[in-house]
Amino acid sequence: MARFQAPKGVSEYVPARSTYFDYVRGTIIESARVAGYQLMELPIFEDTELFSRGVGESTDVVQKEMYTFEDRGGRSITLRPEGTAGVMRAVIEHNLDRGQLPVKVYYSGAFFRAERPQAGRFRQFYQVGIEAIGLADPRIDVEVIAVADRAFKELGLTKYRLEITSLGDALTRQNYLVELRKYIATIPLDAETAARAELNPLRLFDDKREEVRSMMQSAPVLMDYLTGESTEDFRRVQELLNLLGINFVINNRMVRGLDYYTGTAFEFVHSDLGAQSGIGGGGRYDGLMAQLGGQELSGIGFGLGVDRILMACEAEGISLPEGFGLDLFIVPLGTGDAALKIAENLRERGIHVDLAFGDKALKGGMKSADRSGATYSIVIGADELDSGIVALKEMKTGESTSVTLSALAQELIERISNFGEHS
RNA sequence: GUGGUCGUAGCUCAGCUGGUAGAGCACUCGGUUGUGGUCCGAGAUGUCGCGGGUUCGAGCCCCGUCGAUCACCCCA
């Protein structure tokens with residue numbers, strides 16, 4: 001019988017790489033927590049209409065990338081392709097928008113898009129996102145960007161850049177698109193490209209072909225059509241980014257894949273990732289809440305691709321710590337029961353302990369200790385149990401010190417410099 | 001949905017113009033009494049992705065199929 005295989009295009013993590021994935025995700029979440037964002041744990045499937053209305057009927061995401069199915073009650077259900085629409089639904093449903101504003105939440109989990117997989121693109125992928133709802137102020141825009149930037153810096157990433165733009169309000173965009181279409185009508189395009197331009201003229205700015213790019217050089221840019229208020233907000237965003245020492249470049253041809261963005265929009269791009277270089281992006285969405293049946297509230301948020309961020313760390317050669325490394329490895333010599341009991345006592349004190357099971361010779365046991373990556377090891381045989389004294393060995397240096405079994409936990413806690421931080 | 005590349009041991013791969021399958025790493029055991037990493041020795045491992053065809057003979061050639069991967073469209 002053929003062996004089972006994971007479905008096409010899913011990203012999954014097993015040891016040892018899973019420890020790095022966990023660390024990357026944890027770092028991003030921590031960056032959100034230190035800024036006061038609270039957990040929103042939501043379903044991975046929703047009413048299909050939530051996405052078609054929220055994300056936008058004309059987007060590729062809705063038109064051809066959703067995993068949609070009918071449940072047993074005949075309802076149309078879709079696996080979430082992004083996080084913001086679900087958060088808005090939950091905020092409205094639980095009346096969070098009636099309390100203190102802004103509502104600041106983060107989420108983390110799997111998302112789904114039925115695309116052809118390639119490097120950095122998966123059908124099931126992981127995102128951590130945050131949303132700040134109910135406040136239209138450049139300060140919160142910049143706080144959101146800072147949460148992402150801080151996470152990247154904490155991870156040690158350097159080869160990424162922040163691109164920002166302003167998409168203006170709905171009216172501005174409408175007026176601009178009319179002008180852009182007029183311009184596009186004047187340039188020669190093949191049928192396929194023309195069809196794309198018809199659907200969303202902004203996409204031509206992203207075209208990979210040099211001839212198209214150069215023709216778009218002199219196209220009108222949205223920035224020139226912004227209202228006074230939008231222009232001022234955008235200026236403030238730049239001013240505040242500078243205040244916080246966050247580097248950025250203005251990209252007034254940025255294309256966003258989701259329809260709901262207005263005003264500030266941004267994207268983090270990494271240079272060493274191949275075709276899928278975006279590691280995260282987001283922006284302000286003014287009309288979304290109302291569109292989904294809630295109050296007229298503005299919001300801003302981002303989604304960061306955990307898979308791609310891990311790939312970026314690897315591409316930069318960053319050596320990531322293993323979030324839950326072992327402190328101690330116990331090698332029993334015919335004393336398995338006692339060793340298990342000692343391990344449990346230490347674990348209750350929060351020390352990370354593993355031990356050799358089965359009847360291993362000393363040499364084999366020490367080999368296991370070595371490969372476990374534990375900082376320390378002890379051997380427990382009849383002698384140690386009789387005397388109550390063990391040799392606590394530091395694996396890296398090979399040095400060992402005599403410690404009584406009763407003082408072992410305290411000794412380890414004192415020695416482990418990062419104690420209390422590794423969870 | 002479209003196109004390129006690739007499927008040989010757990011991993012990375014070699015295998016000459018077709019002659020009955022190899023290396024390195026990893027793994028297990030050992031190098032005389034209870035201390036790992038280096039070194040030395042021994043050992044286990046494959047329906048050469050799958051199906052068909054050509055041939056005396058196919059890992060190698062042909063057709064199909066499945067899978068992986070990268071790119072396009074689009075996007076985290």
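Q: Is Phe152 buried or exposed?
A: Phe152 has a relative accessibility of 0%. The model is predicted: local features need pLDDT of at least 70, side-chain atom pairs count only at pLDDT 80 or more, and totals for chains, interfaces and linings use all residues. Residues are numbered from 1 along each chain as its sequence is written, chains are lettered from A and ligands numbered from 1 in the order in which they are written, and side-chain values use heavy atoms, without hydrogens and water. With burial set at under 20% relative accessible area, exposure at over 50% and partly exposed in between (1.4 Å probe, protein chains only), Phe152 counts as buried.

Q: How many aromatic pairs does the structure hold?
A: Rings of Phe, Tyr and Trp (its six-membered ring) pair if their centres lie within 6.5 Å; planes under 30 degrees apart are stacked, over 60 edge-to-face, the rest tilted. By that rule, the number of aromatic pairs in the structure is 12.

Q: How are the rings of Tyr13 and Phe21 arranged?
A: Their centres are 4.2 Å apart, with 20 degrees between the planes. Tyr13 is buried at 17% relative accessible area, and Phe21 is buried at 6%. This aromatic pair is stacked.

Q: Which type of pair do Phe152 and Phe268 form?
A: Phe268 is also buried, at 0%. The ring centres of Phe152 and Phe268 lie 5.0 Å apart and the planes stand at 70 degrees, so the pair is edge-to-face.

Q: How many residues apart are Phe152 and Phe268?
A: Helices (H or I, at least four residues) and strands (E, at least two) are DSSP runs, numbered from the N terminus. Phe152 is in helix H5 (residues 138-155) and Phe268 in strand S9 (residues 262-270). The pair links distant parts of the chain, and the separation in residues is 116.

Q: Which ring lies under the charged end of Arg80?
A: A charge sits over a ring if NZ of Lys or CZ of Arg is within 6 Å of the ring centre and within 35 degrees of the ring normal. The charged end of Arg80 is 4.2 Å from the centre of the ring of Phe111.

Q: What is the strand order of the open sheet of 5 strands?
A: Two strands pair if DSSP finds at least two bridges between them. Strand S12 (residues 328-332) and S13 run parallel, joined by 3 bridges. The pairing in the sheet is mixed, and the order is S13-S12-S14-S15-S16.

Q: Which are the edge strands?
A: Each edge strand pairs on one side only. They are strand S13 (353-355) and strand S16 (400-404).
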